[in-house]
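Dear colleague,

Here is the structure I promised to pass on, with the sequence alongside. My notes on what was found in it follow below.

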Amino acid sequence: MSGSGAAAEKADPRQRPQMKVNEYKENQNIAYVSLKPVQTTVSIKTATVYLTPFSLSNYQLDQLMCPKSLLEKNSNNEVACKKTKIKKTCRRIIPPKMKTTSSKAESTLQNPSSAVHTESNKLQHERTTDAMNLGVDMESSQDGDSDEDTTPGLDDFSGLSPYERKRLKNISENANFFASLQLSESAARLREMIKKRQPPISKRKKPKKRENGIGCRRSMRLLKADPSGVLLPATPAPPALVADETPLLPPGPLEMTSENQDDNSEGFKGFLRTWAGMSKPSSKNTEKELSSIKSYKANLNGMVISEDTVYKVTTGPIFSMALHPSETRTLVAVGAKFGQVGLCDLTQQPKEDGVYVFHPHSQPVSCLYFSPANPAHILSLSYDGTLRCGDFSRAVFEEVYRNERSSFSSFDFLAEDASTLIVGHWDGKMSLVDRRTPGTSYEKLIGSSMGKIRTVHVHPVHRQYFITAGLRDIHIYDARHLNCRGSQPLISLTEHTKSIASAYFSPLTGNRVVTTCADCNLRIFDSSCISSNIPLLTTIRHNTFTGRWLTRFQAMWDPKQEDCIIVGSMARPRRIEIFHETGKRVHSFGGECLVSVCSINAMHPTRYILAGGNSSGKIHAFMN
């Protein structure tokens with residue numbers, strides 16, 4: 001430094017800070033400290049000091065603002081110490097990307113003499129300016145008034161790009177921000193608060209036992225001791241009974257053994273003689289003209305129910321029902337849930353003597369028919385895969401068809417002499433059975449596209465046709481073209497949107513088909529011409545939602561008036577309703593004695609007698 005400059009400093013020391021501020025205001029865009037070498041001349045020897053990039057926020061002001069002391073010291077040892085400190089500072093602050101550039105600066109520090117002689121005159125003016133800029137930056141960092149442009153950097157360092165400078169600035173700002181948050185102190189305070197909030201674990205103090213006190217009273221029965229306190233001997237546990245829910249009955253004929261009457265009594269023998277005497281088939285006149293609705297209503301109005309016509313027959317819900325075609329006696333047969341077949345004579349008094357219950361099956365009896373060739377025979381079909389024929393003259397239940405690998409749902413007679421049968425399975429298959437063939441097997445096992453078959457019914461006139469009700473489809477087949485590999489139906493009815501309960505031809509001509517569906521609709525189709533399409537005639541809105549515990553409704557035709565159907569009702573008071581095929585309600589049966597829902601109903605083929613079965617095993621009969 002020249003003597004004139006030192007004299008100016010001593011002469012006007014107050015102007016120096018003002019000069020720093022003015023220089024700082026003029027160079028506000030300078031973001032980093034200059035790296036140009038500053039030549040310092042003290043006495044005869046000269047020394048070169050290089051300013052390296054470092055963060056001013058990590059150091060105190062008194063550690064950095066010392067340009068005056070550096071100018072006053074002329075010793076080589078002191079200059080070397082300053083160089084060593086600057087090198088250590090650069091190593092701590094400069095990131096790995098700046099190591100290459102800092103190495104260049106260190107190499108320059110090792111050869112200061114060459115720079116002194118080449119740039120002694122050029123840097124004489126820049127020395128004072130750099131020292132003033134350094135002092136202004138340090139003062140601004142101490143006062144905390146610097147903005148984003150005062151972040152220390154490297155203005156003239158050719159090794160740093162603008163991106164790296166911005167990165168260094170962000171690193172410094174983030175470090176200062178996280179340091180100001182004091183996260184460690186906050187975490188410690190939170191841990192202390194959580195420990196304080198935990199409720200103290202209070203252990204219940206155990207009551208002290210009284211040595212001479214009387215203990216609490218205890219039950220001798222629970223202690224398995226007698227009143228005197230002596231322990232009773234342990235009773236052995238009864239063996240667990242593992243019983244089959246639905247054991248199959250043995251194959252072959254079963255004797256007619258009544259469950260509720262004495263088999264050796266005279267009443268039971270007279271009962272068998274009565275049923276065996278009803279062997280004359282009834283004559284069916286298909287050309288009979290239908291009576292008018294007016295006379296039909298008048299006959300229905302004369303049918304009443306009384307306590308004498310309500311019979312308790314079975315212990316479980318009634319699943320099927322059939323009326324004997326006798327003109328002299330009123331005989332009713334019902335099939336129950338637990339495999340029972342009940343026979344009831346409504347003309348027998350007292351009425352308890354006219355009820356006989358047999359057990360030919362082990363599972364629900366879903367279909368019952370009196371043989372059209374010999375009414376003394378009653379055929380019953382069950383879920384257990386058996387089809388039996390009750391012969392009252394021999395007092396046995398003969399086995400007609402047995403298939404233990406499948407479950408049966410319904411059957412009907414293909415021939416009028418009841419020699420051939422069509423049997424529907426729950427898995428969608430069908431069996432053709434010929435009773436004239438020895439054995440209890442099928443003639444054909446026919447596959448179908450139906451997932452389930454609920455009911456099977458044969459056309460009363462053209463007996464080669466039969467109708468099946470499946471899950472949501474109704475198919476009409478021709479028995480002459482049944483194939484074991486799978487038969488295609490002649491007609492498919494797909495108007496139903498929910499599960500179908502039943503489908504039946506009209507009893508005299510077969511010109512109508514009535515279906516019962518879970519969508520609360522009864523549908524009547526025109527089947528007078530069996531072709532590729534059967535038109536829908538009428539849809540009758542009727543509540544068919546019986547729930548879980550009641551047997552599903554099945555709308556049946558009146559065999560005397562085939563344009564009218566009979567169906568149970570969920571309405572209150574309880575009733576049994578009759579509808580015309582046009583959808584009009586013809587009659588409603590009810591009374592004080594009808595207190596439950598009759599899901600299964602049957603009408604006598606020639607007389608005005610109606611019988612309805614409920615879920616408690618009772619029969620409600622309406623008679624003239």
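Please keep in mind throughout that this is a predicted model. The chain has 12 helices and 31 strands, and of its 624 residues 43% count as buried. When contacts between residues at least 6 apart in sequence are considered, 56% of them join residues at least 24 apart. The chain exposes about 35100 Å², of which carbon and sulfur atoms supply 52%.

The part I looked at most carefully is the largest nonpolar core, which has 20 residues, and in which F271, W275, L343, F358, I378 and F392 touch the most other members. Two or more residues of this core come from each of α11 (266-276), β6 (331-336), β7 (341-345), β8 (355-358) and β9 (365-370), and the largest share, 4 residues, is given by α11.

Four strands form an open sheet in the order β5-β6-β7-β8, with antiparallel pairing. Because β5 (318-323) and β8 stand at the edges and each has a single partner strand, one side of each is left without a neighbour in the sheet. From one strand to the next, the twist averages 20 degrees. As for the pairing of β7 with β8, these strands run antiparallel and are joined by 4 bridges; L343 stands opposite Y356 in β8.

That leaves the question of how the helix sits on these strands: which of them does α11 lie across? The helix lies across β6, β7 and β8, and runs at about 85 degrees to β8. Within α11, the residues F268, G270, F271, L272 and W275 are buried, and the buried residues of this helix pack against β6, β7, β8 and also β9. In general, an α-helix has 3.6 residues a turn, so residues three or four places apart point the same way.

With best wishes

How values were computed: Residues are numbered from 1 along each chain as its sequence is written. This is a predicted model: local features need pLDDT of at least 70, side-chain atom pairs count only at pLDDT 80 or more; totals for chains, interfaces and linings use all residues. Side-chain values use heavy atoms; hydrogens and water are left out. Buried means under 20% relative accessible area, exposed over 50%, partly exposed in between (1.4 Å probe, protein chains only). Contact means heavy atoms within 4.5 Å. Accessible areas come from the Shrake-Rupley method with a 1.4 Å probe; for residues, only the protein chains shown count as cover. A nonpolar core is a set of buried Ala, Val, Leu, Ile, Met, Phe, Trp, Tyr and Cys residues joined through side-chain atoms within 4.5 Å. Two strands pair if DSSP finds at least two bridges between them. Axes are lines fitted to C-alpha atoms, for helices over the stretch in contact, and angles run from 0 to 180 degrees between N-to-C directions.
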